[in-house]
Amino acid sequence: MAKREKSKGKKFKLIHKYYERTGFYAFVGKNLKSAILPILGVILVIFLFNKYVYNINDGLRHFTETFSRITVLSVFFISETLLGLIPPEMFIAWTKKTETPIVNLTILATLSYSGGLISYFLGRMTLKIASVKEYLEVKMAKNLANTKKWGGILILVGALLPLPFSIACVAAGMIKYPFKNVVFFGLFRFARFAIYAWAIFKVVH
């Protein structure tokens, strides 16, 4: 038993040294710092906009009455599959005005998670298109390099932080990172939606 614990401790130290040497901790720390301000900024902007510019509750009511639930969810799913083009915060706020906010929030998180998994396979498919492969390898060179170094941890960061989760998954697909690991680490996407919903629901009534 003691020998096994000693082996685990040694393995942990080796992993810790590897991440320290490759700059992973600095990378995560930098992104955590950069994430705090955007999160606070989003909440502040929503609060000020709601108070001085336009009543968000009225806008969301109009939004829910104009577009069907299926339409909203479909647009969100397409966005989350194609590199996260629309900020998910808008859709999270929308769920608060629906009859079943928790159910719709869970559906949003599931769609975002599923969109990321599909993005993984889009990344694999791009390898078959020479021109697209060359373009993405230039534009996403840093993401690809980091994914090769840190693998699943970067997927986790993409799932939790306000970074495009889809892009992290595309990068994982392009380097043929094990899909089962993407499935596991991507589950933290649900935690991200829960945290953001907690903050946004306090502003939207």
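Predicted model: local features only at pLDDT ≥ 70, side-chain atom pairs only at ≥ 80, totals over all residues.

Me: How many aromatic pairs does a search of the whole structure find?

Reply: A pair of aromatic rings is described by the distance of the centres and the angle of the planes. Here, rings of Phe, Tyr and Trp (its six-membered ring) pair if their centres lie within 6.5 Å; planes under 30 degrees apart are stacked, over 60 edge-to-face, the rest tilted. The search of the whole structure turns up seven such pairs. Take Y113 and F190: the centres are 5.6 Å apart and the planes sit at 50 degrees, so this pair is tilted.

Me: Which helices do Y113 and F190 lie in?

Reply: Helices are DSSP runs (H or I, at least four residues), numbered from the N terminus. Y113 lies in α6 (residues 101–126) and F190 in α12 (residues 189–201), so the pair ties together parts 77 residues apart in sequence. Y113 counts as buried at 10% relative accessibility, whereas F190, at 29%, counts as partly exposed.

Me: What kind of aromatic pair do F184 and F185 form?

Reply: That one is edge-to-face, with 5.1 Å centre to centre and 70 degrees between the planes. F184 is partly exposed at 48% relative accessible area, and F185 is buried at 17%. There's also a cluster made of F76, F91 and F193.

Me: Where does R192 lie relative to Y196?

Reply: A charge sits over a ring if NZ of Lys or CZ of Arg is within 6 Å of the ring centre and within 35 degrees of the ring normal. R192 lies over the face of Y196, 4.1 Å from the ring centre. K96 does likewise over F201, at 5.8 Å.

Me: How many residues of helix α5 are buried?

Reply: Seven of the nine in α5 (residues 88–96), which is mostly covered. Among them are F91, I92 and W94. As for α4, its buried residues include V72, L73 and F76. Just after α4, L83 takes a positive phi of about 65 degrees.

Terms used
Residues numbered from 1 in each chain as written. Heavy atoms only, no water. Helix = DSSP H or I, 4+ residues; strand = E, 2+ residues; numbered from the N terminus. Buried < 20%, exposed > 50% of the residue type's maximum accessible area, 1.4 Å probe, protein only.
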